[in-house]
Amino acid sequence: GKSIILGSINAALGAKTSPDFIRTGAEYGLAELMFDIGDKKTLDKIKELGVLDIEDGELLISRKITPTRSQIKVNGQNFTAAQTQKLARYLIDMHGQHDNQILMDDSAHINVVDEYCLDDISTLKEMMKNDYQHYVECKNELSEMDKDNDERQREISFLEYEVNEITAAGLKKGEDEELEAQFKKLNNRQKIMNELSGADMLLNSGEDNISDMLGMAVKALVNAAEYDESLKNPLEMLQDVESLIMDVSHDISTYIDDSDYDDAALNDIQYRLDTVNELKNKYGGTIFTSLKQKEKKLDEYYNYDEILKKRQEAYENAYKKALQTAEMLSVARKKAADRLTTEFIESLKNLNFLDVRFRIDFEKSNNITSNGYDLVRFMISTNPGQDLRPLSKIASGGELSRIMLAIKTVMAGDDSKTLIFDEIDAGISGRTAQMVSNQLARLSRHHQIICITHLPQIASMADAHYTIEKTVHDNKTYSQISRVDKEDSIYELARMLSGSEVTASVLANARELKKTSEAFKDNMMM
């Protein structure tokens, strides 16, 4: 049952979803999260992201998912998934069961450092991204010039031929559309004349034509108007209609009289249209754009040495600029890494790493990327006499869980966001489990902690307990989350302790465990 709850939280925060999110037979799926934000610093950051109506500190994120579309609203405003994910950074941090494995990937360690100091380096990271993009563009433009003399001459000859072919055609902008219209008119001349002749018969030249009937109607109204002046208005309107019909009839007659069929003209238009279409098929529909591109390329070849020098200079300047930004970014990261190291070691000691040493190593890569040139690796020693070695090489499953919790503790800082831990207790027990429980209690002084656990030491530390259960009604599965009162929570702790039969002694043990946890929290508040 917990998976659907965590999945719903992720969905509301903009994560990718699958059709399984929608219950079978339902029209849509809906996930909603309500946050009560009292921290002014967080409120200001949320406002900067475009949330308008949040003066009272309440923030409602809802996501409606149908088989064809998805819609996210934040306090009634439409938000994209990307915008919502940025917003979530200030609201919530989720640790999944498989997140520990991220620590086993050395290349991911730089992301931990960057997240720790993101507010300090966000401007530098944006600069690095832009400088790197410019550097790549300059590099690609320079690479285009990397041709020997024979290859350049072949391309010059080919481009000159193409430019001459397009130029010799003497095309004009819009000529193809004009030719199409003329061809359509001449090629359908007989159809046009047949239709116009029919119209002329109805309007003017045929028996019982409209013009004659209108003339009689006008005459009748003229006679009637002599006896009733109120008929002058409809008379004028009818006279206007008669005038319009006469104008239309005249235009049609003139068109018929002036229309001469010319086979030669049609053939000329057909030939010219074929020439234009052939060029369009060869060089694309935007012939003039293609011509400009080819002329520009020719100009580059004609002035090869001069342009090569300019591009070489542009490339070198772009590289220097990107390198300078990478150096500034590296310096900022190293300063942050020193602070992170100190805080991280302290956090590890609170998690039963009694003799721990930790260091963040930086190595300069030979290549610059959009993230600079730093290669970052976490080095750790968790036992006396053991040399510092890469974290990815020595950490056990239980150690990884504690190390990840230590990282989350440091990362949380003084922000007010909610922290969700899905089985952060993997691979730990006994004394270590108790210290993890204590660390979670410390975190809860400044953060809302939601923890999914199977360890009684951790569960006993919680201020509120919930059970998640699956039930089946009418062949449909439902997941329900229920608040557990104090006495029932003691029973649940006892069940976690015993694993099977809950005896009086196990219940007493559970009460003692809960009492010890409450005493730790009371002492922590003093």
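Predicted model: local features only at pLDDT ≥ 70, side-chain atom pairs only at ≥ 80, totals over all residues.
Residues are numbered from 1 along each chain as its sequence is written, and side-chain values use heavy atoms, with hydrogens and water left out.

Keep the chain selected and color by secondary structure: there are 19 helices and 12 strands (DSSP runs, H or I of at least four residues for helices and E of at least two for strands, numbered from the N terminus). The radius of gyration, 40 Å, is well over the 24 Å that the globule rule gives for 526 residues, so the protein chain is more spread out than a compact globule (taken over C-alpha atoms; the rule is 2.2 Å times the number of residues to the power 0.38). Of the 526 residues, 38% count as buried, meaning under 20% relative accessible area with a 1.4 Å probe, protein chains only.

Next, select residues 175-187 (helix 7) and 263-283 (helix 11), which pack at an angle of about 145° with axes 10 Å apart; axes are lines fitted to C-alpha atoms over the stretch in contact, and angles run from 0 to 180 degrees between N-to-C directions.

Now show side chains. Among the residues that meet are Leu-179, Phe-183 and Leu-186 in helix 7 and Leu-266, Ile-269 and Leu-273 in helix 11 (contact means heavy atoms within 4.5 Å).

How values were computed: Buried < 20%, exposed > 50% of the residue type's maximum accessible area, 1.4 Å probe, protein only.
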